[in-house]
Amino acid sequence: MLKILVINQHTANFGDDAAGVAMAIQLHQQFPDAELHFVYNWPWGKDQFLPIPYKQDKTFHHNEIIIQKTDLLDAIRYVSTKFLPILIKNRPQTTISAYVNLVKESDFVIVSPGGSNIGIYQDWICLFRVLVAVLEKKRPVFHLNSLGKSGNLVFDIITKFVLKRSQVFVREKEKP
């Protein structure tokens, strides 16, 4: 069965919810047998999670995979092992490892419609999610996003790295 992972979906905002629901409807129309998995940008606690208002048998909203600042050490550990494989050790199950496993299991990774998270908002967690997809040999598809420079050299270098390895269909694009 086809498994589509939608990352960086925003919610609790009418515009982001509407864009996410419209995309989910389109994906299910084009791929009626596919499983659709959503991973959210959610800055508040997991206990307050509010998914987009879209329910369908093959749609899954992953509130257990909300990456937050407290996951920073695990994120650094994951990226380090990609560049220094000798560091690979048995790691406990964490939010980061659950996300990595979901990426690995997916056939397609789509970056949901959204604002300039990879740009002026300088959203490191959003960028990290896309970086994981690229490091796991997926080719993320940016779906109607806005992209641009952040003004942060490190952020912009990582952005260039992931964008070169992605399919980019955006509404606004300033060369990062």
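**Reading strands, burial and pockets**

Colleague: Which residue of E3 does Val-39 stand opposite?

Modeller: Val-39 stands opposite His-62. The model is predicted: local features need pLDDT of at least 70, side-chain atom pairs 80 or more, while totals for chains, interfaces and linings use all residues. Residues are numbered from 1 along each chain, and side-chain values use heavy atoms, without hydrogens or water.

Colleague: How many bridges join E2 and E3, and in which sense do they pair?

Modeller: Strands (E, at least two residues) and helices (H or I, at least four) are DSSP runs numbered from the N terminus; two strands pair if DSSP finds at least two bridges between them. Here E2 and E3 (residues 59-62) pair over four bridges in the parallel sense. On E1 (residues 3-9), E2 has a parallel partner too, with five bridges. One of the paired residues is Gln-9, whose bridge partner in E2 is Tyr-40.

Colleague: Why is E2 called largely enclosed?

Modeller: Because five of the six residues of E2 (residues 35-40) are buried (under 20% relative accessible area, with a 1.4 Å probe and protein chains only). Gly-148 is buried as well, at 5% relative accessible area. Gly-148 sits in the loop between E5 (141-147) and H5 (153-164). From Gln-122, Gly-148 is 26 residues away in sequence and 9.6 Å in space, C-alpha to C-alpha.

Colleague: Which residues lie nearest the centre of the largest pocket?

Modeller: A pocket is an open set of points on a 1 Å grid over the protein atoms alone where a 1.4 Å probe fits, with protein on both sides within 12 Å along at least five of seven lines; lining residues have an atom within 4 Å of a point. Of the 24 lining residues here, Asp-123, Trp-124, Ile-125, Leu-127 and Phe-128 lie nearest the centre. Helices H2 (72-83), H4 (124-135) and H5 each give two or more residues to this lining, and H4 has the largest share, six.

Colleague: Which residues line the second largest pocket?

Modeller: Among them are Ile-4, Met-23, Gln-26, Phe-108, Val-141 and Phe-169. H1 (14-30), E4 (108-111) and E5 each supply at least two lining residues, and H1 gives the most, four.

Key: Buried means under 20% relative accessible area, exposed over 50%, partly exposed in between (1.4 Å probe, protein chains only).
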